[in-house]
Every structure is written in structure tokens, then in C-alpha cells.
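Here is a short report on one protein model.

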Amino acid sequence: MTNVVGPRALFGVVVPSTNTVVEHDYWRAGVDGVAFRAGSMHIADPSMNGDAGFEALLVQIRASIDTAVRDALTAEPDRLVMGMSAETFWGGVEGNAAFERRLRDATGLPVTTGASACRAALETLGVRRIAVFSPYQPVADVEVGRFFTEAGFDVAAITGLRCATATDIARVEDARLREVVGELDGPGVDAIVQVGTNLSFVGLSEVLEVELGKPVVAINAATLWHALREHGITDRVEGSGSLLREH
């Protein structure tokens, strides 16, 4: 038994201090016997306006991630789950692999990242041509597109919402997200992919899959799915998209 509230699994979740969505989405899924303990990366300045602002935000993340991991480890988790995504796409496929190796070597734990989880999800869903959206600035969207292209996917389009601050990401409403998905979708697109863990999109993705008749992958659903399945937990989860419900 891992502990009383998480007898099946305890996941250490590494999140920016500005993020209010990841833990909500994981607990909302309601997987019986699975618990989460967050380690927080301190973001003193949430500004990410323009490419320079976004890269400055990444500097803060890189400076504080080891402390966040340290704190999460005090709960003795079974796995680390990255509740932040931009850094996991940086440097393409090899950049993500190096990021995962560093964390595994430092902690001795298996690691789930947003990039790897989305890749595994899309491979499981059997799709190749995708359209992607994010809350990011252009410099980060380039890295996201690079990762998916190197992973063997055809990126039909990628749209960044250009949020001015990290906290603004959680303020993007469903109407705006619907608008973006509508602009990205088309008959040649096999799936829609959302990245940026502080965007609240898991519930809407479930609705849009029905409306569009195709997979709509929310990154928080993908990372939870990956962590559960890699841990041998095969529960089917309702209300968080077809990935968790059917695969």
C-alpha cells in the first residue's frame, strides 16, 4: 500500500506556482486509489509577453524545477509527472529524452512528460495529421511543432493564444477555445492537440470529440492517462475524453 489515500499509486506532480488547473484536472478524473502530491516551481514574475518574455519564464522554471522535484519526493511518490509542458517539448524529441533522462537519473523514478504523453496518446489513437494549439508565444510553438514533426506526425497547423502572463492561461474561457479549435479543424486533420497545462480544456475536449467526430487530446488528460497506464492502472475514466475512457 502506497498510503491510505493512494493505495494504488502516488504520483508526484511538478507544477509552476502559477498553475491552478493540473491538480484540478487530475483529481476531477476521480481514479479510485490514486493520489497526487505537487511540488511547486516558484514563478516570481509570471510575464511571458513576446518571445523574450516566454524565454524569461523558462529561465525561472529551469531555476526552480530541482527544488520542486525535491519537495515532491518527500511524499515518496511512485512516479514523477510533469504538470508543465513547454520545457518538455524544447529541443525536439532528443531534448525531451534528455530532460526525462536527467530526472530519472536524479530521482530513480519513472517520469511522465507532456511531450512523451502526447506522442504515446496519438500513436495509440492511430492518428498522423494533427493540428495543435497552445497558450504560448511563437518561440515555444516552434519547439512544439518541431517535437511532433520529429516524432513522425504531420503538423497541419499550430496556433498560439499568446497569453501575456502564466496566470492568464487559466483565464481563457471555453468560447475562445472553441473558436481556436474551429479555426484549426478541417477534413484533412485527424486530431486536435492542446498543449499548455494551465489551460482548462479537459472537460471541453470531451464535448468537442463528439461534435467533431475525431480525437481531441488535452494534455492534462494525456499525462494522467500515460502515468496510469505505465503504472499498470487500466481504469476507464468518464468525462475526460476518449483517451482515458477507451484506451
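## Strand β1 and its partners

Ala9 stands opposite Val34 in β2. Here β1 and strand β2 (residues 34-41) pair in the parallel sense, over eight bridges. Two strands count as paired if DSSP finds at least two bridges between them. Strands (E, at least two residues) and helices (H or I, at least four) are DSSP runs, numbered from the N terminus. The model is predicted: local features need pLDDT of at least 70, side-chain atom pairs count only at pLDDT 80 or more, and totals for chains, interfaces and linings use all residues. Residues are numbered from 1 along each chain as its sequence is written, and side-chain values use heavy atoms, leaving out hydrogens and water.

β1 also runs parallel to strand β3 (residues 79-82), joined by four bridges. Gly12 stands opposite Leu80 in β3. Together, β1, helix α1 (residues 22-29) and β2 make a right-handed β-α-β unit. Right-handed means that, with the strands pointing away from the viewer, the path from the first strand over the helix to the second runs clockwise.

## Two faces, both buried

Which residues point each way from β1? Ala9, Phe11, Val13 and Val15 point one way, and Leu10, Gly12, Val14 and Pro16 the other. In a regular strand, side chains alternate between the two faces of the sheet.

Eight of the eight residues of β1 (residues 9-16) are buried, so the strand is largely enclosed by the rest of the structure. Buried means under 20% relative accessible area, exposed over 50%, and partly exposed in between (1.4 Å probe, protein chains only).

## The nonpolar core

The largest nonpolar core has 85 residues. Such a core is a set of buried Ala, Val, Leu, Ile, Met, Phe, Trp, Tyr and Cys residues joined through side-chain atoms within 4.5 Å. Among those with the most contacts inside it are Phe54, Phe148 and Val195.

## Aromatic pairs

The count comes to ten aromatic pairs. Rings of Phe, Tyr and Trp (its six-membered ring) pair if their centres lie within 6.5 Å; planes under 30 degrees apart are stacked, over 60 edge-to-face, and the rest tilted. Phe54 and Tyr136 form an edge-to-face pair, 5.2 Å centre to centre with 65° between the planes. Phe54 lies in helix α2 (residues 50-73) and Tyr136 in the loop between β5 (129-134) and α6 (138-150), so the pair ties together parts 82 residues apart in sequence. Phe54 is buried at 2% relative accessible area, and Tyr136 is buried at 4%.

Ring pairs also link Phe11, Tyr26, Trp27 and Phe36 into a cluster.
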